[in-house]
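Me: I would like to go through this model carefully, one question at a time. Please give the cut-offs behind each term as it comes up.

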Amino acid sequence: MKGVTLPTETVFVMEMSPIKFGLGATEEIGYDLTRLGARRVLIITDPQVMALGLPERVRTLVEEQGGKAEIYDGVEIEPTDRSVEEAARFAAGKEFDGLVAVGGGSTIDTAKAVSLFTCHPAPVLGYVNRPVGKGRPVPGPLKPLVAVPTTAGTGSETTPVAVVHVLDRRIKAGISHRLLRPSLGIVDPLNTLTAPPEVTAACGADILTHALESYTSRPFDARPKHHPAERPAYIGANPASDVWCERAIEYVGRYLRRGVLNGQDLEARTYLALAATYAGIGFGNAGVHIPHAIAYPVAGMVRTYIPAGYRTSRPLVPHGVSVIVSAPSAFRFTYPASPERHVRAAQLLGHPEGGEEALPRALLALMRDIGIPNGLEALGYTRADIPSLVEGTLMQERLLAGSPRPVGAAELERILEGAMRYW
Ligand SMILES: [Fe+2]
């Protein structure tokens, strides 16, 4: 029987939050909130950022414009379904017409979830992507959310995703819907000066994997044609996402070592902040694939690993570490799908040599220089954990769909084997 050729996609969409970028941009937040119609504001933050004073400054700026603001500072690093529910409970008792997230990806993701659960209450798992949750779409608009990142990493200020750790299932999972995108991202490099070297390194690793995965993801025009209502936010590599990703990779290659070495290097901090947003725009449209899919169980199944530089007594693998740890091995696997893109990415990172090993080599050199653990073993995993890690990764169907090569249990096993110890 002759096979039927299905039509492939010919359309891609570019969506992003409006971004206000620059040194001192935070000082304009009162004006922006007024413009967005937010007069009573709930500021969401974590205790570390709270101690540094930025949320109080934001409150003052809101009040100077005649608005009112209340602060919730209970965000947990790598938020869980419980911590998100707690924040939503706090918010449910308050009257507010807008939110401000001041912090890293954990805080911005928590604020997205708080807005969702207060506007359209439902159990967390109802909205979490299938097959971990029910994948229920966001039913309607949310309150205006202004995101003020204090790390250069997730790009959450422009993306339609919030990630939560579902404690009972020992797995991290995403809620993704275009209505979750913040109304405005205020990206002020001055707010990132206080991030310690380990946090800067992990966040930079996250930027890089966002850009590399989007750049190498299954191209939009190699996917089936979608009805507009069903076209996913993650549409695959396309000419627009490529532009953002290439620039983000280049900036990380040029500035991440400097930013880790000297947190006060304002030029490095500025370009890393730009890179985080650029990569966020890239992956918020193209989508990530294998390293991010593997990161979910790597972070979710953590037993004892406590990272340096993070104030936590709870074992956790920082998101950026969990994504980059499998990246050299994963890009060895994806290389045959687009050798020219893998080589180009290595070049953008400052490694001019070609070939299959160029990108893994560039990544490993950077990981060593910025102090990223040298493989899954360093995070407390052994070969005996591979079957459960594979199982957890296979749950991330939405992300694996972006892999440029078909990937199943056997391929994931090989990728994980290759990521146990690099040096
Ligand atoms: Fe990420």
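Reply: A nonpolar core is a set of buried Ala, Val, Leu, Ile, Met, Phe, Trp, Tyr and Cys residues joined through C-beta atoms within 7 Å. A residue is buried if 20 or more other C-beta atoms lie within 10 Å of its own, exposed if 12 or fewer, and partly exposed in between, with C-beta atoms placed from the backbone. This is a predicted model, in which local features need pLDDT of at least 70 and side-chain atom pairs count only at pLDDT 80 or more, while totals for chains, interfaces and linings use all residues. Residues are numbered from 1 along each chain as its sequence is written.

Me: Which residues have the most contacts inside the largest nonpolar core?
Reply: Two residues are in contact if their C-beta atoms, placed from the backbone, lie within 7 Å. The largest nonpolar core has 132 residues, and those with the most contacts inside it are Ala-248 and Ala-275.

Me: Which helix gives the largest share of this core?
Reply: Helices (H or I, at least four residues) and strands (E, at least two) are DSSP runs, numbered from the N terminus. The largest share, eleven residues, comes from residues 266-285, which form helix H9.

Me: Which residues does Ala-248 contact, leaving aside its neighbours within four places in sequence?
Reply: Ala-248 is one of the residues with the most contacts inside the core. With those neighbours left aside, its partners are Ile-207, Ala-211, Ala-275, Tyr-278, Ala-279 and Gly-282.

Me: How many residues does each domain bring to the contact between domain 1 and domain 2?
Reply: The protein is divided into domain 1 (25-187) and domain 2 (197-418), with bounds that come from an automatic or database domain assignment. Their centres, taken over C-alpha atoms, are separated by 24 Å. The contact takes 26 residues from domain 1 and, from domain 2, 32 residues.

Me: Why is helix H12 described as largely enclosed by the rest of the structure?
Reply: The buried residues of H12 are Ala-327, Pro-328, Ser-329, Ala-330, Phe-331 and Thr-334. They pack against helices H7, H10, H11, H13, H14 and H17. Helix H12 (residues 327-334) is largely enclosed because its buried residues number six of the eight.
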